[in-house]
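Please take a moment to look over the structure shown below before reading on.

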Amino acid sequence: MNDPAATTLHLVDTSTGSYRALNEGAAEAAVDAEWLTDGRLASVIHVGVQSLLRIYNADGSVSEEMDPGDLILTSLETGGSDRIAFSASAPQHPTELFVWNDGNFQRWTTHNEWLSDITFGEQRPYTYAANDGTQIEGVLILPVGGVPSGGAPTIMDVHGGPEAHESNGWNTAYGAPGQVAAGQGYAVFLPNYRGSTAYGTAFSKAHQGNYTDPEFRDIVDAKYALAEDGITDPDRTGITGGSYGGYASAWGATYYSDEYAASVMFVGISDQISKFGTTDIPYEMYNVHSRAWPWDDWRKMLEVSPIYHTDKAETPLLIMHGEADTRVDPSQSMELYRFIKVRKPDTPLRLVLFPGEGHGNRKAAARYEYNLRMMEWFDTYLKTGNRDAELPAPRPMLAEGAKGARAKDDSED
């Protein structure tokens, strides 16, 4: 009931109804599984930021494991006793189709041939110690051309959930700066902070009953570890994310405002009390996150809400939200905007609502606009390190030569 995600494989004896966990307590997550015709079970297992193929015998013992190298396996389908197809990505390509063939992962599809002409930033796993000594892992993407002296402007890209995790595969999307940012001189770090999956159930429960700490402190600790290693400029570190990652971004712009030069919040939480009253997952919030009802301790729930800390809000903050979001109601973004606008009127602030979009943008135009706005915000406030820079124009500039592209203007909201 209180496990944040379904990550443990159980073998069921259908004659007795008894369950036996196959990987209980392991620092991993079972992602997908399919039976082979010979009675064995093929499964995709994520271990931290990597993945592997594991074959179980019919009795639940492990038959064999295969390391896919740079591939991150995400799902599988079986056909026969030894035919297995996978969806998988890698640091330099999005999801493609692969087939297990004679001990090798054979690639069957290539959807983006033009990627062979792209210069990528180096991408690799990165592990650091949080302030209490806990080892935290994530995925680090370095700027194309390397890290400059003094460190690179760095974007903390925080996943949602938090019952999810980042893998060392393809990490670029409309809301994930990834290689787009790397190509513009940024480092990007995707932390698997406490509450993430793929490190065992205990790790995924580490945030329960204690919103914001240690989970969001883990992200600040990543900043200092990267700075100590010469990768990050601590004065030019920003944060972004959607949903729970949006919560982290709102917390970074308020409670941790001294730590972040810019923030981009998407479909994020700003008020844990009103969020409970407007979300479609109130029981999930109770069972796997707060472990308490708001009325058990109103003040505690308020104090882990970014609106409570808007007296500290000096970080330039771009807030974006889908108007039709039922998971995190758009009023969460409106609340934070209103509190900062009234309480800290000199803080650079913008609220953008996407008509018809829910808990994440689905339309191509809305995704493109999101990415343009995000990168323009970071270019304005993070790359320069200037919190006093003028707001970008209300509408983002399209890429040069794009249909509908226009000159940037100085108009106000």
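A residue is called buried here when its relative accessible area is under 20%, and exposed when that value is over 50%, with partly exposed residues in between. With that cut-off in hand, one can turn to helix α4 of this predicted model, which covers residues 244–253. Because 10 of the 10 residues of helix α4 are buried, this helix is largely enclosed by the rest of the structure.

Seen as a whole, the protein has 9 helices and 18 strands, and 52% of its 413 residues count as buried. A compact globule with 413 residues would have a radius of gyration near 22 Å, and the protein agrees with this because its own value is 22 Å. Along the principal axes, the C-alpha trace spans about 65 × 55 × 45 Å. Among the contacts with a separation of 6 or more, 63% are accounted for by residues 24 or more positions apart. The accessible surface comes to about 17900 Å², and 48% of that surface belongs to carbon and sulfur atoms. As for charge, there are 32 positive and 58 negative charges, whose mean positions are 5 Å apart.

Among the strands, β1 (residues 10–13) and β2 (residues 18–21) pair in the antiparallel sense over 4 bridges, and aspartate 13 has serine 18 in β2 as its bridge partner. These two strands form a hairpin with 4 residues between them, and in the turn glycine 17 has a positive phi of about 80°.

Another hairpin is formed by β7 and β8, with 5 residues between them, and its turn holds glycine 80, which has a positive phi of about 85°. Strand β7 covers residues 72–78 and strand β8 covers residues 84–90, and they pair in the antiparallel sense over 6 bridges. Within this pairing, leucine 73 stands opposite alanine 88 in β8.

Serine 51 lies in strand β5, which covers residues 50–56. Is serine 51 buried or exposed? Serine 51 counts as buried, because its relative accessibility is 6%. Its C-alpha atom is separated by 17 Å from that of proline 191, a residue 140 positions apart from serine 51 along the chain.

How values were computed:
Residues numbered from 1 in each chain as written. Predicted model: local features only at pLDDT ≥ 70, side-chain atom pairs only at ≥ 80, totals over all residues. Heavy atoms only, no water. Pairing = 2+ DSSP bridges. Rg over C-alpha atoms; globule rule 2.2 N^0.38 Å. Buried < 20%, exposed > 50% of the residue type's maximum accessible area, 1.4 Å probe, protein only. Contact = heavy atoms within 4.5 Å. Areas by Shrake-Rupley, 256 points an atom, 1.4 Å probe, with all protein chains shown as cover. Lys, Arg positive; Asp, Glu negative; His and termini not counted. Charge placed at Lys NZ, Arg CZ, Asp CG, Glu CD.
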